[in-house]
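Hello,

I am passing a structure on to you today, and I hope you enjoy looking through it. My notes follow below the view.

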Amino acid sequence: MLRVAVPNKGALSEAAVGVLTEAGYRRRTDSKDLTVLDNNNGVEFFFLRPKDIAIYVGAGTLDLGITGRDLARDSQADVAEELSMGFGGSTFRYAAPAGQTWTVADLAGKRIATSYPNLVRRDLTERNITADIIRLDGAVEISIQLGVADAIADVVGSGRTLRQHGLAAFGDVLCDSEAVLVRRADTELSRAAKQFAARVQGVVFGQQYVMIDYDCPRNLLDKAVAITPGIESPTVSPMADDAWVAVRALVPRSQHQNLMDDLSEMGAKAILASDIRSCRF
Ligand SMILES: Nc1ncnc2c1ncn2[C@@H]1O[C@H](COP(=O)(O)OP(=O)(O)OP(=O)(O)O)[C@@H](O)[C@H]1O
Ligand SMILES: O=P(O)(O)OC[C@H]1O[C@H](OP(=O)(O)OP(=O)(O)O)[C@H](O)[C@@H]1O
Ligand SMILES: [Mg+2]
């Protein structure tokens with residue numbers, strides 16, 4: 001039985017469960033359940049704190065896990081990313097009271113509050129900076145105001161929490177994060193684990209792309225193919241009227257409305273966009 005870890009709460013939990021449900025796996029019915037046995041698919045799910053997931057997977061106790069890239073790096077567990085999942089995007093950054101001009105070099109000798117001490121320590125070491133790391137569990141943005149730190153290093157999503165606490169980010173991003181499926185580093189995935197990853201990837205891909213279908217005047221086909229090149233190449237089918245062809249191609253979801261405008265301007269007709277629920281390559 002394949003053993004897979006899923007965030008039991010927090011920023012990644014809902015989207016992770018959404019992907020797994022769409023991929024056909026059983027969901028938990030009680031949010032207090034820490035395990036769900038999906039006998040039909042041969043998977044046992046473990047609902048764990050996102051911060052702990054890489055530790056279980058790195059130790060080989062669990063085969064795969066969904067967590068944040070930043071959390072996996074901070075855990076220092078022996079894991080590798082099998083795939084990125086396209087949600088839970090954030091950056092991990094230094095921040096300090098807005099209005100003061102900070103550079104990373106100014107952190108020398110200062111107190112830096114964070115819930116990700118290993119990420120911060122590694123960054124400071126690479127820069128040859130010595131500073132005090134104050135390890136906090138959360139609500140890090142309030143720590144300067146409360147007098148325990150001079151600066152912080154924390155997850156920035158929308159940036160709202162920083163702004164609300166009168167803070168501004170500075171310096172390079174320490175980690176560009178998103179939800180990832182991790183496995184133990186330097187080990188072959190089992191057939192079941194590969195199949196699980198392929199199913200998840202199929203759903204993630206379906207969330208990132210849409211299928212576009214349209215009717216195109218044959219003399220404009222080259223132009224149309226340049227607008228919608230698809231993944232390999234678009235499918236072009238004959239139509240009853242020889243002056244026209246039907247074209248079908250996958251396009252990135254984020255661009256599909258712009259591309260539909262372009263196709264329409266070019267002279268394409270009956271332009272349709274449809275969701276893909278899942279796929280395999
Ligand atoms: N806007 C966001 N706010 C917080 N975390 C985010 C955001 N967007 C993505 N994430 C990611 O979510 C993960 C952190 O998850 P979560 O906040 O659930 O963990 P936690 O802080 O350890 O738990 P908790 O907040 O329940 O104490 C990280 O990988 C982080 O990068
Ligand atoms: O940039 P934003 O969109 O405002 O999001 C970032 C905030 O969200 C997270 O906190 P969370 O809600 O997980 O609480 P925590 O600090 O207790 O972990 C993170 O630690 C930041 O505080
Ligand atoms: Mg949090």
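Before the layout, one term: the domain bounds used here come from an automatic or database domain assignment. Please also keep in mind that this is a predicted model.

With those bounds, the protein divides into domain 1 (2-88 + 178-189), domain 2 (90-176) and domain 3 (209-275). The centres of domain 1 and domain 2, taken over C-alpha atoms, are 27 Å apart. Six residues from domain 1 and seven residues from domain 2 make up the contact between them. On the domain 1 side, the touching residues are four charged and two polar, with no nonpolar ones.

Next, have a look at helix α4, which spans residues 117-126. Its buried residues are L119, V120 and D123. Viewed down the axis of α4, these fall within an arc of 95 degrees, so they line one face of the helix. As a reminder, an α-helix has 3.6 residues a turn, so residues three or four places apart point the same way. The buried residues of α4 pack against α3 (69-75) and also against the strands β6 (90-97), β7 (111-114), β8 (132-135), β9 (151-156) and β10 (167-177). After α4 comes N128, with a positive phi near 60 degrees.

Finally, ligand 2 is surrounded by 14 residues, the closest being G138, G157, S158, R160 and T161. Two elements, β9 and α5 (160-164), each give two or more residues to this shell. The largest share, three residues, comes from β9. By class, the shell around ligand 2 holds six polar, five nonpolar and three charged residues.

Best wishes

Technical notes:
Residues are numbered from 1 along each chain as its sequence is written. Chains are lettered from A and ligands numbered from 1 in the order in which they are written. This is a predicted model: local features need pLDDT of at least 70, side-chain atom pairs count only at pLDDT 80 or more; totals for chains, interfaces and linings use all residues. Two residues are in contact if their C-beta atoms, placed from the backbone, lie within 7 Å. Ala, Val, Leu, Ile, Met, Phe, Trp, Tyr, Cys and Pro count as nonpolar, Asp, Glu, Lys and Arg as charged, and the others, Gly among them, as polar. A residue is buried if 20 or more other C-beta atoms lie within 10 Å of its own, exposed if 12 or fewer, and partly exposed in between; C-beta atoms are placed from the backbone. Helices (H or I, at least four residues) and strands (E, at least two) are DSSP runs, numbered from the N terminus. The arc is that of the directions from the helix axis to the C-beta atoms. A residue is near a molecule or strand if its C-beta atom, placed from the backbone, lies within 6 Å of it.
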